[in-house]
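Visitor: Could you take me through this structure? I would like to begin with contacts between charged side chains.

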Amino acid sequence: MLSLNKLINKLVKGKKAQPDVQSGEPVIVPRSEHTISRKQISQNALNVLYTLKDAGYEAYLVGGCVRDLLLGHEPKDFDVATNALPEQVDKLFRRSRLIGRRFKLVHVRFGRDVIEVATFRAPPEASNHVDDQGRIMQDNVYGTLEQDAWRRDFTVNALYYNIRDFSIVDYTSGIDDLNAGLIRLIGDVETRYREDPVRMLRALRFVAKLGLKLDDDTEAGIFNHAGLLADIPPARLFDETLKLYLTGNAAVTHELLCHYHLFDEMYPQTAALLHQEQDGYPRTLLMKALENTDRRIDANKPVTPAFLFAALLWEPVRQRAQLLMENGMPEIPAMQRASSEVIGDQIQRVSLPKRFSLVTRDIWNMQPRLTKRQGKRAFKSLLHPKFRAAYDFLALRSEAGEPLEELVDWWTRFQDVSATEQQTMVNSLGDGGGGGGNRKPRRRRRRRKPAARQQNKGE
Ligand code: ATP
Ligand code: MG
């Protein structure tokens, strides 16, 4: 069953031919020669595969799930490819839904689980489906299994598990690359990165997640084409950011993004400051945040994009606020202005939906407030809906080397003790105990109202 290309690949040791020659004949790995068993496939995915097969269609598992099963990882989800048209798929299932405008797909629902079923698609035809830059504009032309394989991104992502005979179908030398531990772009590197520059991000994500290496050309292409990310809509880069940073391998992924200068394209304000690291900032804070995030995901604890962005953009915000303060602006308004400016600039590249950015701002704006604990301020802060996130962020800053240990300890204790003890803690702060900049304008205001000042003397 070995095609001529495969044979040549096997014979030319170490220097494999680029799998851009579409041979027409796939390598078929029979059930007896691979490790994927039906026990490893979810019941729901099997249900979809068998329903399609019984209706006379071709049905395959494809993409990350086949790759992950072959590598011995548990797949995140199961994707199905078929020759049935989306409308035909939709008719076969009671709880299915046609989705997508650009790509029509069918989602088959089983409670909270969703199996995505995609009809084989053809690669974009040069002239009418790509724009001036070579970017894919339309990708909704149905095709054969073979065409579907060649339009996928990496060889290891183009493996198909056939439900008819449990074999694996490989058109692009994906099995060879999997065995060699290589992420290799299918086809001509420049063309494929131009078609969709997000493939560069995906390549690094798979390196971090799977511990595979980049093939030489796939790697060189990233250095040469990093700038193409500038053309990707900010909303898509937000989605990609979540996959890069909130799926358990953020620390490694981040190092890779920086190494290949993709981080510079997505987060230019932070990247500019990462290059001029000072006293362990900001790299330390961001890396600590990412390591914490990875640990939380590992322990099945929730993570939020709001906190991630607070860490990603902290250094530009901190420095901008500092500058505003040097120019005479009080701390709290300076932080608010800096937050708005940095977020405003950032969303030109990577969007951040309002429901998250509001929380990100709260986390930052609470930072100066947490230093001001006298009177009712500490109690007010404690009641703030985002207190916990702001406190965690303060602890992160301290962990990263800012001299905030005492303040963090104070807040840790304050949350733990009784109301009476809390009051004692506040009282014992005295005058210099973190009253801070907020007190000045209040005093000035009160000078005009002696009675009010009298009343508040006990604070
Ligand atoms: P993950 O484990 O992160 O889900 P995955 O490889 O399954 O990895 P998906 O985003 O779920 O990634 O995509 C499923 C499959 O669709 C991929 O394996 C690949 O074959 C194909 N694919 C996804 N994105 C692209 C792209 N930008 N260009 C070409 N093919 C793609
Ligand atoms: Mg997937």
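Guide: Arg199 forms a salt bridge with Glu195, and their closest N and O atoms are 2.8 Å apart. A salt bridge here is a side-chain nitrogen of Lys or Arg within 4 Å of a carboxyl oxygen of Asp or Glu. The model is a predicted one, in which local features need pLDDT of at least 70, side-chain atom pairs count only at pLDDT 80 or more, and totals for chains, interfaces and linings use all residues. Residues are numbered from 1 along each chain as its sequence is written, chains are lettered from A and ligands numbered from 1 in the order in which they are written, and side-chain values use heavy atoms, with hydrogens and water left out.

Visitor: Are Arg199 and Glu195 buried or exposed?

Guide: Arg199 is buried, and Glu195 is buried as well. Buried means under 20% relative accessible area, exposed means over 50%, and partly exposed lies in between (1.4 Å probe, protein chains only).

Visitor: How many salt bridges does the count come to?

Guide: By this rule the count comes to 21 salt bridges. One of the pairs is Lys104 with Glu87, whose side chains meet at 3.0 Å, N to O. Lys104 lies in the loop between strand 4 and strand 5 (105–110) and Glu87 in helix 4 (residues 86–92), so this pair ties together parts that are 17 residues apart in sequence. Helices (H or I, at least four residues) and strands (E, at least two) are DSSP runs, numbered from the N terminus.

Visitor: And how accessible is Lys104?

Guide: Lys104 is partly exposed, with a relative accessible area of 32%. Glu87 is also partly exposed, at 34%.

Visitor: Which parts does the pair of Arg349 and Glu265 tie together?

Guide: The side chains of Arg349 and Glu265 meet in a salt bridge of 3.8 Å, N to O. Arg349 lies in the loop between helix 18 (331–346) and helix 19 (354–371), and Glu265 in helix 13 (residues 262–266), so the pair ties together parts that are 84 residues apart in sequence. Arg349 counts as partly exposed, at 32% relative accessibility. Elsewhere, salt bridges that share partners join Arg320, Arg337, Glu341 and Asp345 into one network.

Visitor: Where is Asn300?

Guide: Asn300 is in the loop between helix 15 (283–298) and helix 16 (305–312). Asn300 has a positive phi of about 60° although it is not a glycine, and counts as exposed at 71% relative accessibility. His261, which follows helix 12, has a positive phi near 60° too.

Visitor: Which residues of helix 12 are buried?

Guide: In helix 12 (residues 250–259), the buried residues are Ala250, Ala251, Thr253, His254, Leu256 and Leu257.

Visitor: What does the side chain of His34 reach?

Guide: The side chain of His34 reaches the backbone nitrogen of Ile36 at 3.0 Å. His34 is in the loop between strand 1 (27–29) and helix 2 (43–54), and counts as buried at 9% relative accessibility.

How values were computed. Polar contact = N/O pair within 3.5 Å; in protein donor to acceptor, adjacent residues only side chain to side chain.
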